[in-house]
Amino acid sequence: IEPLTQYSMLVLDKSFKKNSFLTFVNTNVNRSRDFRNANVFALLGSITNGKETHAYDVGLKTSVVRDNQIMTSGFSSSIGFYNIDGNLRYRINNYIESDKYDINDMGFLYQNNEVNTNASIAYKIFSNHEKIAKKLNILKGEISTGIEHQMLYKPFTYSKLIMKFDASAVNKNYLWMNIRFRYFLEEYDYFESRIDNVDFIKPPAMKISFMTSSNFNNPISLNLHGSIKYRMTKEYPIWEDYKNTHIYTRFNPRIRLNNHAFCQYILAVEKEYNQFGWIHEDDIQGPIFSRRHQKTITNKLIFNYTFTNKISTKIIARHYWSIINNHSFYELNGGYLIDSDYAHNHEINFNTWNLDCNLSWEYKPGSMLSIVWQNQLTEQKDNIEKIFFNNLNDFFENPTTNIFSIKFTSYLDYSTIFNQKND
């Protein structure tokens, strides 16, 4: 049972000349009795130089969590430097998240304990009046290359290095196209084993992606996305006996029914052959890895209806289905896979369903009243059903959970309050 919980957020922001600013943010989650409480403080800023050619961003955040009478604190820092004029753009930035940094009580952090450094250079075409835009017959475009270096914060050690190349353009029919290439050098994954400081070495990989979007001004438009990732497994034990390929496709039609109603459907299909990853923790043998095929299908339907410029509703229905079919099992030895006599089966058939209905009323600028109904269902079992509709029928035989909530947000303008007092 969840305890009575208070969520609060405070933002103080000061703008300066030439798009510079300084912002203080505090989020607080306070649960009754001796349950977990959390505070996050952040100081964010950006400075633009006098000639308005370069900008400098900086951020410092700290989290303080009290759980079972134990206080834990962590931090995150970020710093960036980039130019903001001309067609040729470059950027360098770094961010650090300590191993104790935690904002998930009122936010989302996929993982902490990392040090990430990025450097990139790009050439941007801003207008179809530029010479190169006329030659390519496009409205705007961009080409860029960069490098991303990832490390652990604790212990301070190498994790991953990625080489990047991107190219995108919008043609005169407002068709957007983008192609991306990634080269992943040998990776040391310190999270997959679920044991501190035990790494899992992954071979180098190449990934190519293509995305396109038609003109959103039309009543019917379409987004498409496809990618393929292939690992170069030669001279890597166990890996070299198989071809590891990851294929992703996404189909997203968008329909504007009228000036009030809009809907879109998203179908994403993901398949990975000969995937290697953690599957179980054995009391004697330690972390057990498996070679498996994984298939994931996501269906999502979104409907928006605007009654007035102040009142609107949004309905989101999402079904996620993922299966893992294991073929063989392994153990880790110095980061590399070795054969194992582990014989238990750990097939996974995972389904989750979410239906979110939200009615929002902006009763004054920046202030919102929202009424939300959520219908949820999650199930995981080891009996794999390969036919989609058979799986769906079995899944919805389970009872669902219904959640009703009301959210009230009030925006207080600091300058308005003090101006009224002065009057």
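Hello everyone, let me start with a charge over a ring: Lys 229 lies over the face of Phe 184, at 4.3 Å from the ring centre. By that I mean NZ of Lys or CZ of Arg within 6 Å of the ring centre and within 35 degrees of the ring normal. Another example is Arg 91, whose charged end sits over the ring of Tyr 82, 4.0 Å from its centre.

A word on the model before we go on. It is a predicted one, where local features need pLDDT of at least 70 and side-chain atom pairs count only at pLDDT 80 or more, while totals for chains, interfaces and linings use all residues. Residues are numbered from 1 along each chain as its sequence is written, and side-chain values use heavy atoms, with hydrogens and water left out.

Now the overall picture. The chain has three helices and 22 strands, taken as DSSP runs numbered from the N terminus (helices H or I, at least four residues; strands E, at least two). Its C-alpha trace spans about 80 × 65 × 50 Å along the principal axes. Of the 423 residues, 37% count as buried, with buried meaning under 20% relative accessible area, exposed over 50%, and partly exposed in between (1.4 Å probe, protein chains only). If we take contacts between residues at least 6 apart in sequence, 54% join residues at least 24 apart; a contact here is heavy atoms within 4.5 Å.

Back to the rings. The whole structure holds 20 aromatic pairs. Rings of Phe, Tyr and Trp (its six-membered ring) pair if their centres lie within 6.5 Å, and planes under 30 degrees apart are stacked, over 60 edge-to-face, the rest tilted. Phe 303 and Tyr 305 are stacked, because their planes meet at 25°, with the centres 6.5 Å apart. Phe 303 is partly exposed at 29% relative accessibility, and Tyr 305 is partly exposed at 27%. Phe 388 and Phe 389, in turn, have centres 5.2 Å apart and planes at 85°, so that pair is edge-to-face. Phe 389 is exposed, at 57%. There is also an aromatic cluster made of Phe 200, Trp 239, Tyr 242, Phe 276, Phe 289 and Tyr 330.

Which residues does Ser 328 contact, leaving aside neighbours within four places in sequence? They are Phe 289, Ser 290 and Arg 291.

Phe 251 is my other residue, in strand E15, residues 245-256. With 37% relative accessibility, Phe 251 is partly exposed. Beyond four places in sequence, Phe 251 touches Leu 222, Asn 223, Leu 224, Tyr 265, Ile 266 and Leu 267.

Finally, the largest cavity, with about 60 Å³ of space. The lining includes Thr 27, Val 40 and Met 106, and divides into five nonpolar, three polar and two charged residues. Strands E2 (21-31) and E3 (37-48) each supply at least two lining residues.

Notes: 1 Å grid on protein atoms, 1.4 Å probe; cavity = no way out; pocket = protein on both sides within 12 Å on 5 of 7 lines; lining within 4 Å. Points joined across faces, edges and corners; volume = space filled by probe spheres on them. Nonpolar A, V, L, I, M, F, W, Y, C, P; charged D, E, K, R; others polar.
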